[in-house]
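Have the coordinates open while you read.

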Amino acid sequence: MTVPPPQSPAQPDAAEFPVYTARSFLPTFLLGWALGAALTFAVRGVGGALLTNPCEGHTIVALLVPLLLGPGGLAFTARHWRQPARAALGLGLVVASLMPALFVGAQDIGGLRRTGCAGGYVVISEVVNGQRGESISALALAAGTERTLTARVGGYTRQTHPGLFTVSGAASTPGVVVTVARTQVHAGEDFTVTVRVLPNTPVNSYTAGVNAVITQGGKRIPASGTLELNVRPRQP
């Protein structure tokens, strides 16, 4: 008579997915979100109090909490996914990394750009019915033709940079002439730019643009904008 082998005790299914219920999930999720939101405004407040320079260090403060809460919350959730309450806490931190942390950080960085901390630039736009249209980064012109555009100095305001910017046209080839209607403008003020391609300019891609500079406190502060200019064959 054959004796059957002894049965090993039943092992729990290690891959069994845990049961999440609203009663166990929602309160801890809200707690994680509240902790993330509180950390966001605490770091923002402490950073604003400690940073005396209006520009330096503020970008790091704006991005620090989202970068900590997002990956940190995901790692915490992955580690405790079989424990619904702890996993919910991690998910709350992840959501807080997006709202309010990332939203508030983006608003703060936008404020730095408006005050000139992120540097300046020249926006070049099309002219539609005599008004400023969409900004452009590329332009196609046939040899022997020209196009009138509009431009403005962005990234700065008249409050942060109250003087006049000296503006000038620039091109990567003598066959392209960029002319500005005014040589001095305020920040944010529109001015006309004419891009002209001389008749004998070879068909190729060139760079055309506008440079602006202002001297403030003995320091030259530049801004620039460029176009990729595609020169086409001259029309017969």
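1. Start with the packing of α1 and α2. This is a predicted model, and in it the axes of α1 (residues 22–50) and α2 (residues 58–79) come within 9 Å, crossing at roughly 155°. Since angles over 145 degrees count as roughly antiparallel, that makes α1 roughly antiparallel to α2. As for handedness, the α1 and α2 crossing is right-handed.

2. Which residues do the touching? From α1 you have G36, L39, T40, V43, R44 and G47, and they meet V61, L64, V65 and L69 of α2. Sorted by class, the residues in this contact come out as six nonpolar, three polar and one charged.

3. Next, the empty space. Rolling a probe the size of a water molecule over the atoms shows where such space is left. Here the count comes to one cavity of 30 Å³ or more, and the largest cavity has a volume of about 70 Å³.

4. What lines the largest cavity? Its lining is made up of T40, V43, R44, V61, A62, V65, P66, A101, V104, G105 and D108.

5. Last, please look at the backbone at P100. The peptide bond from M99 to P100 is cis, with omega near 20°, and P100 lies in helix α3.

Conventions: Residues are numbered from 1 along each chain as its sequence is written. This is a predicted model: local features need pLDDT of at least 70, side-chain atom pairs count only at pLDDT 80 or more; totals for chains, interfaces and linings use all residues. Side-chain values use heavy atoms; hydrogens and water are left out. Axes are lines fitted to C-alpha atoms, for helices over the stretch in contact, and angles run from 0 to 180 degrees between N-to-C directions. Helices (H or I, at least four residues) and strands (E, at least two) are DSSP runs, numbered from the N terminus. Angles under 35 degrees count as roughly parallel, over 145 as roughly antiparallel, 65 to 115 as roughly perpendicular and the rest as oblique. A crossing is left-handed if the near helix is turned anticlockwise from the far one by less than a right angle, and right-handed if clockwise. Contact means heavy atoms within 4.5 Å. Ala, Val, Leu, Ile, Met, Phe, Trp, Tyr, Cys and Pro count as nonpolar, Asp, Glu, Lys and Arg as charged, and the others, Gly among them, as polar. On a 1 Å grid over the protein atoms alone, a cavity is a set of points where a 1.4 Å probe fits but cannot get out, and a pocket is an open set with protein on both sides within 12 Å along at least five of seven lines; lining residues have an atom within 4 Å of a point. Grid points are joined across faces, edges and corners, and a volume is the space filled by probe spheres set on the points.
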